[in-house]
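Subject: Structure for your review

Hello,

Here is the structure I said I would pass on. My notes follow below it.

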Amino acid sequence: MGEEGTGGTVHLLCLAASSGVPLFCRSSRGGAPARQQLPFSVIGSLNGVHMFGQNLEVQLSSARTENTTVVWKSFHDSITLIVLSSEVGISELRLERLLQMVFGAMVLLVGLEELTNIRNVERLKKDLRASYCLIDSFLGDSELIGDLTQCVDCVIPPEGSLLQEALSGFAEAAGTAFVSLVVSGRVVAATEGWWRLGTPEAVLLPWLVGSLPPQTARDYPVYLPHGSPTVPHRLLTLTLLPSLELCLLCGPSPPLSQLYPQLLERCWQPLLDPLRACLPLGPRALPSGFPLHTDILGLLLLHLELKRCLFTVEPLGDKEPSPEQRRRLLRNFYTLVTSTHFPPEPGPPEKTEGGVYQAQLPRACYLVLGTEEPGKGVRLVALQLGVRRLLLLLSPQSPSHGLRSLATHTLHALTPLL
């Protein structure tokens with residue numbers, strides 16, 4: 001695994017599986033949206049080779065050339081998604097999960113019926129434009145990581161119990177069980193009903209809110225890819241402070257006018273100071289003053305059972321490498337340990353037919369980069385204990401023999417939070 005430089009170029013293609021008609025093409029270069037489009041001949045060739053394999057009952061899932069990785073995935077025999085990436089060392093796992101998120105975004109905003117029973121291609125193309133903003137955020141250099149981990153990006157507020165109590169009271173007054181408080185696409189607090197949302201909508205909904213242009217209030221129709229893919233719900237959002245929003249998932253009632261501004265002000269005006277304390281949590285994720293070792297440049301904590309995660313590359317101020325490079329390093333390390341060392345889900349060792357247990361899975365691994373230059377490079381360490389997995393990005397001053405001890409101490413400190 002190596003640093004990916006500027007992130008390379010990514011092309012995402014969406015086609016109708018039966019006809020091969022392109023529905024859209026989105027591109028990014030160096031993490032930013034790009035207007036560069038693939039020639040139609042290339043699009044046709046990529047889809048053609050995939051269809052050729054299907055006709056021979058061969059499933060073509062991925063391919064690599066000298067400087068490009070390609071991944072294909074079909075959904076419901078109706079939609080084919082293809083992604084091409086020139087990022088150095090990018091894994092198929094990361095691109096496969098990208099395609100899953102993209103299809104989830106399409107269902108979220110258009111509905112499964114429109115995608116599996118295509119009656120009018122031109123109308124579908126037009127409807128899918130509503131998903132471009134969300135899809136482009138997956139292709140860009142996002143500060144979130146839920147698209148890869150399939151866990152909800154969360155933050156830990158300083159006065160969490162106070163906010164949780166207010167949220168529950170607001171949900172009861174609003175008449176819905178599905179309410180969350182979101183800062184910059186990350187969940188600060190949520191009702192039990194919201195936490196019971198399935199994958200991928202639990203990840204997609206806060207991500208959608210974080211990707212939309214600022215607005216005081218919204219009444220947004222959404223489908224739930226897992227829970228209600230064909231019947232739309234209403235996603236109501238109410239801005240409390242810049243980048244801090246209340247999100248409600250509901251049916252035909254309540255009307256937005258019932259919530260804004262009277263109920264909103266009555267429930268949340270007394271909590272302005274705790275709400276303001278949430279604003280810096282976007283990039284940091286942890287409360288100010290939380291004790292972390294000074295060698296930690298970034299961390300990713302996953303609760304594999306609850307499907308929630310904490311992700312930050314700015315725990316202790318400005319140091320090299322840049323936040324963008326840190327995010328890429330942790331993303332790469334996550335895909336490495338997930339596909340190579342650790343299982344995707346926690347569980348006991350599996351028993352074979354002969355009654356013999358398989359070899360124990362590793363609990364920790366580490367990677368050292370850039371040791372040829374003193375004081376340069378970074379250390380990466382991963383540790384799994386039960387349902388929690390911790391990945392740390394550490395400065396070059398951190399000795400290799402102390403990585404596991406530092407990770408264990410950090411995991412124990414973070415465990416009460418998630």
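Which residues does UniProt list for "domain: FUZ/MON1/HPS1 first Longin"? The unreviewed UniProt entry gives residues 11-137. Please keep in mind that this is a predicted model.

Over residues 11-137 the chain is 43% helix and 27% strand.

Strand β1

Strand β1 covers residues 9-16, and eight of its eight residues are buried. In a regular strand, side chains alternate between the two faces of the sheet. Here both faces of β1 are covered: T9, H11, L13 and L15 are buried on one side, and V10, L12, C14 and A16 are buried on the other.

β1 has these pairings. With strand β2 (residues 22-29) it forms seven bridges in the antiparallel sense, and the bridge partner of L15 in β2 is P22. The hairpin of β1 and β2 has five residues between the strands, and G20 takes a positive phi there, near 75°. β1 is also joined to strand β6 (residues 79-85) by seven bridges, again antiparallel; in that pairing L12 stands opposite V83.

Helix α2

Helix α2 runs over residues 92-110 and has 19 residues. From its first C-alpha to its last it reaches 27 Å, close to the 27 Å expected at 1.5 Å a residue. α2 is mostly covered, with 16 of its 19 residues buried. G111 follows α2 and has a positive phi, near 100°.

The five-stranded sheet

An open sheet has five strands in the order β9-β8-β12-β11-β10, with antiparallel pairing. Its edge strands are β9 (186-190) and β10 (217-224), each of which pairs on one side only. From one strand to the next, the twist averages 30°. Strand β8 (residues 178-183) is joined to β12 by six bridges, and the two run antiparallel. V179 has L248 in β12 as its bridge partner.

Two helices pack on this sheet. Helix α7 (residues 160-174) touches β8, β9, β11 and β12, and its direction makes about 135° with that of β8. Helix α9 (residues 201-211) touches β8, β9, β10, β11 and β12, and its direction makes about 155° with that of β10.

Backbone points to check

Where are the cis peptide bonds listed here? One joins S253 and P254, with omega about 5°; P254 lies in the loop between β12 (244-250) and α10 (256-268). Another runs from Y260 to P261, with omega near 5°, and P261 lies in helix α10.

Positive phi values also turn up in residues other than glycine. D77 has a phi of about 55° and is found in the loop between β5 (69-75) and β6. Is D77 buried or exposed? Its relative accessibility is 70%, so D77 counts as exposed, the cut-off for that being over 50%. S243 has a phi near 75° and sits in the loop between β11 (228-241) and β12. At 36% relative accessibility, S243 counts as partly exposed.

Regards

How values were computed. Residues are numbered from 1 along each chain as its sequence is written. This is a predicted model: local features need pLDDT of at least 70, side-chain atom pairs count only at pLDDT 80 or more; totals for chains, interfaces and linings use all residues. Side-chain values use heavy atoms; hydrogens and water are left out. UniProt positions are given in the numbering used here, feature names are shortened, and annotations may be inferred rather than shown by experiment. Helices (H or I, at least four residues) and strands (E, at least two) are DSSP runs, numbered from the N terminus. Buried means under 20% relative accessible area, exposed over 50%, partly exposed in between (1.4 Å probe, protein chains only). Two strands pair if DSSP finds at least two bridges between them. The expected span of a helix is 1.5 Å times one less than its number of residues. Axes are lines fitted to C-alpha atoms, for helices over the stretch in contact, and angles run from 0 to 180 degrees between N-to-C directions. Contact means heavy atoms within 4.5 Å.
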